[in-house]
Amino acid sequence: MNIQFKHQSFQWKAVQSVVDCFKGQPNHSSWFRMNQGKRQLEYAAANSSIALMEMSKGFQNSPILLPEMEVLDNIQDVQRNNKLQLSNQLAGNYNLTVEMETGTGKTYTYIRTMFELYRTYGWSKFIVVVPSIAIREGVLKTLQITEQHFMSEYGMKARYFVYNSKQLHHIDQFASDAGLNIMIINSQAFAARGKDARRIYMELDDFHTRRPIDIIAETNPILIIDEPQSVEGKTGKATREGIQQFNALFTLRYSATHLEDYNKVYRLDALDAYNMKLVKKIQVKGISVHNTGGMDSYVYLEGIDVSTDKSPIARLEYEVLTKSGIVRKTRNIHTNDNLYHLSGELEQYKGYVVSDINGQHNTIHFINGKSLQAGEVRGDINELQFRRIQIRETIRSHFEKERLLYYMGIKVLSLFFIDEVARYRQYDQHNHEQNGIYAQIFEEEYMQLLHEQTTLVGDEEYLRYLSGISASQTHTGYFSIDRKSKRLIDSKSSNKSADSDDLEAYDLIMKEKEKLLSFSEKTRFIFSHSALKEGWDNPNVFQICTLKHSDSTIKKRQEVGRGLRLCVNQNGERMDSGIPNIDVHRINMLTVIASESYEQFAQQLQREIADELIHRPQKADREFFLNKILKNSEGTSLVLDEVIVSALIYSLINNQYIDREYRLTERYQLAAEQQQLVLPDELQNHVSEMQDLLQMIYTVGQENMASNGRNVNIPHVHVNDNFNRKEFREFWNRINRKTIYTVRFDSDELIRQCIHAIDQELYVPELRYSTTKAVMNRIESTQQLQMNAAFTIQERTSEQVQSKVEHRVKYDLIGKLMDQTHLTRKTIVSILTRIRLDQFELFDKNPEEFIIRVARLINDKKAARIIESVTYDVLNERFESEIFTMNTLNGQLGENAIPANKHIYDYVITDSIVERRFAKELDVSHEVQVFAKLPKGFYIPTPLGQYNPDWAIVFKEGTVKHIYFIAETKGTMNSMELRGVENAKIACARKHFEKISTEKLKYEVVHTYEELLNIVKS
């Protein structure tokens, strides 16, 4: 198979954008006398070798002859045409930035740019700087497979090579050849500290006592930096200094995620690429863990099969007793089937008789009241079983997609990310390969699901294809290879050189990409290291599964980036909008089987996209439109000058297309969708171009816009004049007395109550996993991203899994409970040794949850005893008023800070919606004179820890009975809904205030201001 390349308008626009930056530059070549080195010249002179002396001629890129201001004018014209922010100066010494989303053909685009620059201006020397071997090999592969394509376009081939410090003759050829020459080099080859990296700066005997960098610099090359954020990210200063020594004519920077924009001349970001259907649609199947109870037995409902001629059938996995022991099997289950009998009469399945299988809701019900939803798992499971479910879901998605695409000639690939090679491949004492645990699980699950495929009717051709592939043949691992042992190894060693064994790890996937895409190649599932990021973008990856813990250093966009390219068929044709009668996003669907919940994955992915799009223009205002150029299909151009822009903005406001803040409205979106946009007469011939221009604006939803507008940080909050009012000072003097408590109760009785509570009430849930399947929508506006609404849930298959924990962590159970209950070791030991054995065994089920729940029960009983027995005595000490001023408060308007007039600060910093509502009502109340949110420095000591009341309120005398009020605001007034510890602290507070109070002071727990007012007036 040969992958076919064709003209893509968006790629050509990126090429032309770079070429046009130098419009007016003459086309001519330039040469220089190349340094031949001392030994070479001495040999030539001694032997009178004229031919050798004439070989000193080298070719270089001719200098930019345009004045800098003319180049800047050209760049600004390109930026106007591409609706980009105009550069004020030539940032970064002729650095041009091209932003292209992953999967849209960035490498092809900059190779074509080289051909165009050579044809237009005669520039022939190019160096591609890459951050990794993977990307280096990817660039090399693209140059190889596009040779014939560019030969047909330009009637010539480029000479290219990969820089190798041991093969320096390539540099002589690079400099001495007059044609288009391309050198590919790793940034480590000139920026690292190793011996090989230093060779480029050394006078070398095998390079005729010359320095390689000097010959390269003489050619005055054009640098193309592929993924500059990675090239410059790790080595930073050293890389930038190394790049300067290349003496570049100018630098082109290509990436989807630039850290610096310099002079951006083209942008095709995630929003454009997705809406233009230039990349795959994304579907997510995530798995989450929940702490909730479940059944005692392992049951996993894979799904429900529904047909028109028979009742629904459930695919159920459960445990079966066999001669070799208990194993898990998946079988088709019908109504009235009894799992007790089917399992070989395992006791845990008594009562599991199927009462109903509901195909509409994808649920199964048993006569014992238990039920499962499709994808739900309950029972005994560990991390390995969790990974098994991920592998199974990946294979299942693979088969589903493959059945559809096989008949369209499209090979389906699936990619697994893992952290350790040993989980995929192991070796015995004779160095023979053996399956690791993931490979073993894969083959087991593959054979089980393959058997299901053979029952399909009408897919004989596809089934013949499957029958020719064994489970062991269809998966392969791509990792680093140890050259001595020939074993696959983890590519984690930090001391490996730039040209280490990693090269072999990518040979197959880089150099045999066409073979991998062919049906004749049996490999369909690929296991690779989680470090695989940029560099390998096989177009036919349709499933990506992360068999590892979530790694915050690897962004979700990097994970999905390996599968975003649009797929190709057996003829090498890309399945894009240029193919008649196809739905691009129906065919091109990337399914991500995530190692976390769908919500976590989708939110992070959307957040990453939104973070990058936030740099887009956000307002349709004068600055956005002025001097932009609209060019219609007939080639007529229109510059948006002051007069046209004024008329345009008036029209947008008049038609309610923008609001007072110049944000695009829903009315505009509706008019644009219906092709009914009303514009001034001057723009009637450019309606489509104007709509494209407005599409560049980052559209934030009204709710988010308002929220962002109000999210002004309050750096410091200090007391105001209300703090010094006579009324507040008097109040403060009444409540600032300190007290001490005394508790007397029977310890044996507390122990007996705790034992009884644990025996009767303790319940420790097992782990529960859930799976959600969702698909990314067309992004109509970035409001979807801001609201995490770019995905629509297709099926809430809530795959839930419970687990007995195979914990390796040693828990100090007694010490933990002592910390959380403040009881002595002797008391804790007395409780634990006397509870029922079956309750104590719950610790093995979920240690963390056991500790939390036992501590809560003990504290509840302890709190009940404290309420009955605690007493307070007043001390001579007082809280100082400095507690209001010693610590500054931080808040955010619109979040936790609201302005107030009657508060002792200009703003009230609140902790909840209830507090915010309460504070607003206090501030506008006629009866309230002044109030304060009490600082953490004011507290009441209790046997259960310090207690900090919420509010101190001074009412106007004569309007209420209780002038001074200490209020605690809670979300509910039902004391049964307040935990025992909290109730005990409140009870202690009542006794504290009763000891120090007068009839004018009252303390109470309230929900709303109306409840407070009823109390103080009664």
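The legends below describe close-up views of one predicted protein model.

Residues are numbered from 1 along each chain as its sequence is written. In this predicted model, local features need pLDDT of at least 70, side-chain atom pairs count only at pLDDT 80 or more, and totals for chains, interfaces and linings use all residues, while side-chain values use heavy atoms, with hydrogens and water left out.

**View 1. The protein as a whole.**
The secondary structure comprises 40 helices and 40 strands; these are DSSP runs, numbered from the N terminus, with helices being H or I of at least four residues and strands E of at least two. Of the 1018 residues, 55% count as buried, where buried means under 20% relative accessible area, exposed over 50%, and partly exposed in between (1.4 Å probe, protein chains only). Among contacts between residues at least 6 apart in sequence, 74% join residues at least 24 apart; contact means heavy atoms within 4.5 Å.

**View 2. The open sheet of seven strands.**
Strands of a sheet pair through backbone hydrogen bonds, either parallel or antiparallel. Here the strand order is β5-β6-β4-β7-β8-β3-β9, with parallel pairing; two strands pair if DSSP finds at least two bridges between them. The edges are held by β5 (159-162) and β9 (263-268), each with a single partner strand, so one side of each lacks a neighbour in the sheet. From one strand to the next, the twist averages 15 degrees. Five bridges pair β3 (residues 95-100) with β9 in the parallel sense, and Leu96 stands opposite Asn263 in β9. Helix α6 (residues 133-145) lies across β4 (125-130), β5, β6 (181-186) and β7 (222-226), and runs at about 160 degrees to β6.

**View 3. Thr251 in strand β8.**
Strand β8 spans residues 251-255 and includes Thr251. Thr251 has 8% relative accessibility and therefore counts as buried. Leaving aside residues up to four places away in sequence, Thr251 touches Tyr94, Asn95, Leu96, Leu223 and Ile225.

**View 4. Strand β12 and its partners.**
Eight of the 10 residues of β12 (residues 313-322) are buried, so that the strand is mostly covered. Strand β11 (residues 299-305) is joined to β12 by six bridges, and the two run antiparallel; Val299 has Tyr318 of β12 as its bridge partner. Strand β13 (residues 325-333) pairs with β12 over nine bridges, also in the antiparallel sense. Thr322 has Gly325 of β13 as its bridge partner, and β12 and β13 form a hairpin with two residues between them.

**View 5. Helices α16 and α17.**
Two packed helices are described by the angle between their axes and the distance between the axes. The axes of α16 (residues 383-405) and α17 (residues 437-453) come within 9 Å and cross at roughly 45 degrees; axes are lines fitted to C-alpha atoms, for helices over the stretch in contact, and angles run from 0 to 180 degrees between N-to-C directions. The two helices are therefore oblique to each other (angles under 35 degrees count as roughly parallel, over 145 as roughly antiparallel, 65 to 115 as roughly perpendicular and the rest as oblique).
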